[in-house]
Amino acid sequence: MAAFREQFAKAKHIVVLTGAGVSAESGVPTFRGAGGFWRKYQAQDLATPEAFKRNPSLVWEFYHYRREVMLSKTPNPAHIAIAECEKRLAAQGRRIVVITQNIDELHERAGSKNILELHGNLFTTRCTKCKDVKVNKDSPICPALSGKGLPDADAPDARIPESELPRCMQQGCNGLLRPMLFGLENLWILRSWQKLIMNWKTVGTSSVVYPAAMFAPQVAARGVPVAEFNMEHTPVTHSLGFHFQGPAGVNVPIALAAHESEKLK
């Protein structure tokens, strides 16, 4: 940790890549790995344009459940440490960018400003007709979803008619709204992400899910300091400069705390 903190103290530009693990400590379901199911589905089964086209009611039930869950969740010490570090380093002319695969807005709620959301977020909708993109935090987002979305494996699908699902409020549109989903619509963020990572000095990552997992080893191979924060070793651990095993809420605040050299600046 001391060696990482020495490297971090010298960095002018830092990229923080986060995945589901950083929010798990806030009680946010990951829907990955053993037991990570909503009914019989994992996130990647439902969070795509193809899944929405097949069954918009089911996809909206899934997203409605997650939206409602997030109303009771708050940022944990890892989110807060990243946000506080960004603010502190900005005063020194240094910059942190958070690139997240999460859709829970916890980085924003913790106070982070420079955020790229690879998969959008739970509270942003896109009209399938006029393509209008808006933030929507209504609870529920439409009356037909009230009380729906129970995660139990035996819960019946609501089979809500499209006409009763969330609709666009743009004048004269009334098109079907959908959540921001995994897929091609966020490729501009991926391009921005790749440009940042391949040109900036230091990368911190807690993610092992592609495409994040492919970037960290590439950057480390160029001699850039990379630190992985994870509960366990991952397929990329051996190729990175630093690995800190344990809860992000414990290790990240230690790693990002003010270094003694900052007092001299």
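**Exercise 1.** Is L17 buried or exposed, and what is its relative accessible area?

*Solution.* The structure is a predicted model, in which local features need pLDDT of at least 70 and side-chain atom pairs count only at pLDDT 80 or more, while totals for chains, interfaces and linings use all residues. Residues are numbered from 1 along each chain as its sequence is written, and side-chain values use heavy atoms, with hydrogens and water left out.

Step 1. The residue is located in strand 1, which spans residues 13–18. Strands (E, at least two residues) and helices (H or I, at least four) are DSSP runs numbered from the N terminus.

Step 2. The criterion is then applied: buried means under 20% relative accessible area, exposed over 50%, and partly exposed in between, with a 1.4 Å probe and protein chains only. L17 has a relative accessible area of 1%, and is therefore buried.

Step 3. Along the chain, L17 and E228 are 211 residues apart, yet 9.4 Å separates their C-alpha atoms.

**Exercise 2.** Determine which side chains form polar contacts with that of E262.

*Solution.* Step 1. E262 belongs to the segment that follows helix 10 (248–256). Its relative accessible area is 10%, so E262 is buried.

Step 2. A polar contact is a pair of N or O atoms within 3.5 Å; within protein, one must be able to donate a hydrogen and the other to accept it, and residues adjacent in sequence count only if both atoms are side-chain atoms. The E262 side chain makes such a contact with R88 at 2.8 Å and with Q92 at 2.7 Å.

Step 3. With neighbours within four places in sequence set aside, E262 is in contact (heavy atoms within 4.5 Å) with R88, L89, Q92, R94 and A257.

**Exercise 3.** Identify which residues have the most contacts inside the largest nonpolar core.

*Solution.* Step 1. A nonpolar core is a set of buried Ala, Val, Leu, Ile, Met, Phe, Trp, Tyr and Cys residues joined through side-chain atoms within 4.5 Å. The largest one has 31 residues, and W60 and Y63 have the most contacts inside it.

Step 2. Two or more residues of this core come from each of helix 3 (43–46), helix 4 (49–54) and helix 5 (56–70). Helix 5 supplies the largest share, 6 residues.

Step 3. Apart from residues up to four places away in sequence, Y63 touches A47, I103, L122, P179, M180 and L181.

Step 4. A second, separate core has 21 residues, including F4, F8, I96 and A227.
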